[in-house]
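Open your viewer and get ready to select residues by number. We'll go stop by stop, with a note on what to look for at each.

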Amino acid sequence: MDILKIYQSPSRNEWSALSERVVRQEAEITQQVVEILMAVQAEGDKALREITSRVEGRSVDTFEIPAEMWRATEYMLSEELRKALVAAKENIEAFHRAQLPAPVVVETVQGVRCEQRAVPIRRVGLYIPGGKAPLFSTVLMLAVPARVAGCEEIILCTPARSDGTIAPEILYAADLCGVDRVFAIGGAQAIAAMAFGTESVPRVDKIFGPGNRYVTKAKQLVGANVVAVDLPAGPSEVLVLADDEASPAFVAADLLSQAEHGGDSQSIVVCESMNFAEAVRQAVEEQLSELSRGEIIREALQQSRIVVLADRTERIAFSNTYAPEHLIIAMRDPWEVAAQVTSAGSVFVGPWSPESAGDYASGTNHTLPTSGWARAYSGVNTDSFLRKITYQELSYTGLKALAPTITTMADAEGLDAHAAAVRIRLKGGRL
């Protein structure tokens, strides 16, 4: 079997190499994305049309999808799918509404009142991958918390299909979740349009959403100095922590469900024994023959692996080193294991918690940090669409009480104007 190479008892010195993700043609991709960003910034819609013609082979008069068109897609979907989307939306909304922060009000000193309030980002841009597998579930994951947070305007960009249309599932989800405007633009050019603004696409305050390497690179570049972005989200990944009591069939299914996202996805198993590792490989081969995206899955499994570590503590430590986007715990006492997890985007606890539940309908968000960024970033949540503003109000008594602290620190830093702003108030307007 030429996929899912097994590494038995690697030393900690080898863990870093075993945690590496797929890197392909980064310099070439960067150069192409820079050219796209510069063109859209300079020429707006004209550049979008030229890029669309060159990349997709179609001419475009207007990029925006009329509201009446995407609001009529209800009749293009089966009743079963519509019900599924509504049910998923309700779960996602319930979980994200519970995340809304309460205002913070503290009197730090008598007469000194400090507050923190959450304020929604005014206009947000959502990027939804399209093409052969339009991720309409991502519309729910981004638009629902944006609406819960109270964002004033939600813009959505997604690639058109080969015939120039947008998948009806994406348009229906957009209508269901309260998206304001939809544009048939994909790739790095969509990120550029939302970041800089064009004649037809408004400039947004923050961009959200996963994408291919071109989209990810565009977000990285505009996020450096043009517009806020959600998080580093590259090719998708899963790590399964397993012991010998886990089901090899379940573990194999979880690896395959992640691998079908794309050829640059990565699936990792960290298990207890060689016998279990071999059983997983066998189950993967058996299940793979029944799946429609076999070629893509096989490509992803080329850079996937199984790591055998007999010690339970070592398995958990490897997972924290890898910092997976998705972590599945298929071990005894899974919540005890979960308590030791310090780096993961989203954790799936126990044998009945497949990663696909979080991808669609459990209520948690599936827009998560990849490539080890889970060490520092959270996944998208309601807070992602909010800003925290602080306020303070001092009475005369409060300022007088704080004055010695403020003036002493200001004088020590050599900032006499800071100290003077306090003293002049306490002396009735004169220094």
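Start with the largest cavity, which has a volume of about 50 Å³. A cavity here is a set of points on a 1 Å grid, over the protein atoms alone, where a 1.4 Å probe fits but cannot get out. Points are joined across faces, edges and corners, and a volume is the space filled by probe spheres set on the points. By this rule there are two cavities of 30 Å³ or more.

Before you go on: this is a predicted model, where local features need pLDDT of at least 70 and side-chain atom pairs count only at pLDDT 80 or more, while totals for chains, interfaces and linings use all residues. Residues are numbered from 1 along each chain as its sequence is written, and side-chain values use heavy atoms, with hydrogens and water left out.

Now select Arg 21, Val 22, Arg 213, Pro 235, Ser 236, Glu 237, Asp 264, Ser 265, Gln 266 and Ser 371: they line the largest cavity, and a lining residue has an atom within 4 Å of a point. Colour them by type and you get two nonpolar, four polar and four charged.

Next comes the second largest pocket, with a volume of about 270 Å³. A pocket is an open set of points with protein on both sides within 12 Å along at least five of seven lines. Of its 16 lining residues, Glu 26, Arg 213, Gln 220, Pro 235 and Ser 371 lie nearest the centre. Which helix gives the largest share of this lining? Select residues 213-225: that is helix α9, which supplies four residues. Helices (H or I, at least four residues) and strands (E, at least two) are DSSP runs, numbered from the N terminus.

Axes are lines fitted to C-alpha atoms, for helices over the stretch in contact, and angles run from 0 to 180 degrees between N-to-C directions. Where the two meet (contact means heavy atoms within 4.5 Å), look in α2 for residues including Glu 26, Ile 29 and Leu 37, and in α9 for residues including Arg 213, Tyr 214 and Val 222. This contact is made up of eight nonpolar, two polar and three charged residues.

On to the sheets. Three strands form an open sheet in the order β2-β3-β14, with antiparallel pairing; two strands pair if DSSP finds at least two bridges between them. β2 (104-109) and β14 (386-394) stand at the edges with a single partner strand each, so one side of each has no neighbour in the sheet. From one strand to the next, the twist averages 20 degrees.

Zoom in on β2 and β3 (residues 112-120), which pair over five bridges. In β3, Cys 114 is the bridge partner of Val 106, and Arg 113 is the partner of Glu 107. Two residues sit between the strands of this hairpin, where Gly 111 takes a positive phi near 90 degrees. Now show helix α16 (residues 396-412): it lies across β2, β3 and β14, at about 90 degrees to β14.

Last stop: an open sheet of six strands, ordered β1-β11-β10-β9-β12-β13, with parallel pairing. β1 (5-8) and β13 (346-349) are at the edges, each with a single partner strand, so one side of each lacks a neighbour in the sheet. Select β12 (residues 326-330) to find four bridges joining it to β13; Ile 329 has Val 349 as its bridge partner there.

Note on methods
Ala, Val, Leu, Ile, Met, Phe, Trp, Tyr, Cys and Pro count as nonpolar, Asp, Glu, Lys and Arg as charged, and the others, Gly among them, as polar.
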